[in-house]
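Please examine the sequence and the structure shown below.

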Amino acid sequence: MDTPLNIVIVGGGTAGWSAAAAIAGVVSQNVATVRLIESEEIGTVGVGEATLPHMKEFNDHIGVIEADMMQQANATFKLGIEFVDWGYKGSSYIHPFGVHGQPLGGAMFHHQWVRSRLSGDESSLGDYSYPIMASRAAKFDFPSRDKNQVSSTYSYAYHFDAALYARYLRRFAERRGAMRTEGKVTDVSLDGESGDIASITLENGETVTADLFIDCTGFRALLIGDALGTDYQDWSKWLPCDRAVAVPCERQPGKLLPYTRATARDAGWQWRIPLQSRTGNGYVYASDFISEDEAAGTLLSSLDGEAQGDPRFLKFQAGRRVGSWQKNCVAIGLSSGFLEPLESTSIYLIQQAITTLLSFLPRKKIDPALRTEFNRLIDLEYDRVRDFLILHYYANTRDDADLWRYCRSMEVPDSLLEKLEFFRTSGHVETYRNGLFTPASWLAVYIGQGVMPERYDRQADKLPLDEMLGEIRKMKAQIAERVDRMPSHGVFVEDYCPSN
Ligand code: FAD
């Protein structure tokens, strides 16, 4: 039997502690041991409060108890993201974590909806989505397990304090045998022959060796970037936002909303994330279109409550490493790439990389085939998220600010143009196997941003028009009636996981 794989993680933000918790939680110490090195003096990026439903699967898989985690991380539930002023000023739609309607008359529901619109019906697609209706009413309940129920047609994610989540994962990982070292890495030595990382040196002079290094050093990318020189593919021509200014504010009494709000601004967009005790806010902006002072002014003048502390500024560049596993080093988190938080995808990409690494856990002598396949899968995840994000900027009809005019006329990847054309002309949404964003997500954004298809699936015509209209109205009424009976999100959170 092989001796255990000696894994060293450098960095203790959400990426580092998610990796440590997952490896320690899932793999026995006969297979792999984990040591995490982090520097309190350097600290973490300190943002990242909104997530996607896959986080629940990740947490369940490694053994995290949901209510316990939520209580300690000041968390609330999240059913989707509201986009305000994106397609045009005055517009609003919700990207829900669930489907719209249920298949009807042999066709996907949205084809029937397009048919109803073409026949003159004016109801909005969101009226047929359980999570959208629940979001609008500020309600929450767990999805039904009975797949025949309309209340089974969604999933949910969390809003939380990322620093508290990382602290929670740290305790979780340490209880399962992960070792933590406080220290700053000051040097990285490469093996002259293989080019692998031979060792890292800490500020106190200690030299640390490992079979596999995981680079979770955030934007610094100490191992994958500085030491191994892995190229970074720059995507800022498509995703021009390169700065953010963030500040929490007091939570106002009243409804606790179960969704993130993303409001388009002249030079980017502003997030609003409701936690139990405070609201997270930030303005993600393109520095070519607005100054730091103006961005901070816009943010501070549009908060719901009093700001807690001074605004913090962050810099980034959209893009990804060209292969985040190089030699004996896997980059996870901000060191592997950055896509702005518009669809809350970063923590998803972190946890997806960890799950993929766990399923390809190497032996001491790393099989290059594992590395190649890992990179193919992770690159694909990044590329698909990129196209989805670009869609939000590209499909706009705003003529009131330079950023939006630029985005509307920029050249976008062919992979996105093909998807858009397919939807516009046929009403079909291109489907991925195992992709992050399902057809329901693409559909919400297409329709929400004003991309209406010219046609629909011919199979939808099987049902006579009047009968179809009657059925979809029944569906809408059934959703409204079920949502009416749900508890309010605030009351649900108070009962299930009140923060300490
Ligand atoms: P960091 O948190 O920066 O951690 C880096 C770690 O490396 C730290 O522990 C640091 O001490 C350590 N380190 C660095 N150098 C050394 C060294 N020399 N020696 C020892 N240790 C070292 N994601 C979402 O999913 N949802 C969101 O809503 C969201 N919002 C965001 C908003 C903004 C403006 C930004 C910039 C990002 C956002 N993200 C979001 C991304 C999210 O914040 C990150 O993906 C997540 O926090 C993971 O960061 P990380 O662990 O890779 O890096």
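Where is the place of E343? In this predicted model, E343 is in the loop between β22 (337-338) and α9. UniProt, in an unreviewed entry, places the feature "binding site" at this residue. E343 is buried, because 23 other C-beta atoms lie within 10 Å, and the cut-off for burial is 20 or more. Apart from neighbours within four places in sequence, E343 is in contact with I81, F388 and L389.

The overall architecture may be considered next. The protein chain contains 15 helices and 22 strands. A compact globule of 500 residues would have a radius of gyration near 23 Å, and the 23 Å of the protein chain agrees with this expectation. Along the principal axes, the C-alpha atoms fill a box of roughly 75 × 55 × 45 Å. Of the 500 residues, 46% count as buried. Among contacts between residues at least 6 apart in sequence, 77% join residues at least 24 apart.

The domain assignment divides the protein chain into domain 1 (5-49 + 161-232 + 317-384), domain 2 (77-159 + 413-489) and domain 3 (243-315). The centres of domain 2 and domain 3, taken over C-alpha atoms, are separated by 28 Å. The contact between these two domains takes 17 residues from domain 2 and 13 residues from domain 3. On the side of domain 2 that touches domain 3, β3 (76-78), β4 (80-84) and α5 (130-136) each supply at least two residues. The largest share of that side, five residues, comes from β4. By class, the residues of this side of domain 2 divide into ten nonpolar, four polar and three charged.

Attention now turns to the ligand. It is surrounded by 39 residues, of which the closest are G11, G13, G48, G218 and G333. Two or more residues of this shell come from each of α1 (14-26), β2 (32-38), β13 (243-246) and α9 (346-359). The shell comprises 19 nonpolar, 16 polar and four charged residues. Because domain 1 and domain 3 both give residues to the shell, the ligand lies between them.

The unreviewed UniProt entry also places the feature "binding site" at G12, G13, T14, A15, V185, L334 and I347. These positions are spread over 336 residues of sequence and are also spread in space, with up to 24.0 Å between C-alpha atoms. One of them, G12, lies in the loop between β1 and α1. G12 counts as buried because it has 29 C-beta neighbours inside 10 Å. Beyond the residues up to four places away in sequence, G12 touches W17, L36, E38 and A166. Another annotated position, L334, is found in the loop between β21 (329-331) and β22. L334 has 25 C-beta neighbours inside 10 Å and therefore counts as buried. Its contacts, leaving aside neighbours within four places in sequence, are with V45, G218 and F219. G218 is also among the residues closest to the ligand.

Which residue carries the feature "active site" in UniProt? The unreviewed entry places this feature at K78, which lies in strand β3. K78 counts as buried because 29 C-beta neighbours are found inside 10 Å. Not counting residues up to four places away in sequence, K78 touches A50, T51, Y156, A157, Y158, H159, P258, Y259 and T260.

Two further residues extend the picture. M70 is found in helix α3 (residues 66-72) and, with 25 C-beta neighbours inside 10 Å, counts as buried. Residues up to four places away in sequence aside, M70 touches A75, Y158 and C497; Y158 is also among the residues touched by K78. M70 and L164 are 94 residues apart in sequence, and their C-alpha atoms are 9.7 Å apart in space.

Is L5 buried or partly exposed? L5 is partly exposed, because 19 other C-beta atoms lie within 10 Å, whereas a buried residue has 20 or more. L5 lies in strand β1 (residues 5-10). With residues up to four places away in sequence left out, L5 touches V31, A32, D211, L212, L361, P362 and K364. The C-alpha atoms of L5 and R167, which are 162 residues apart along the chain, are separated by 25 Å.

How values were computed:
Residues numbered from 1 in each chain as written. Predicted model: local features only at pLDDT ≥ 70, side-chain atom pairs only at ≥ 80, totals over all residues. Helix = DSSP H or I, 4+ residues; strand = E, 2+ residues; numbered from the N terminus. Rg over C-alpha atoms; globule rule 2.2 N^0.38 Å. Buried ≥ 20, exposed ≤ 12 C-beta atoms within 10 Å, placed from the backbone. Contact = placed C-beta atoms within 7 Å. Domains from an automatic or database assignment. Nonpolar A, V, L, I, M, F, W, Y, C, P; charged D, E, K, R; others polar. Near = placed C-beta within 6 Å. UniProt positions renumbered as here; feature names shortened; annotations may be inferred.
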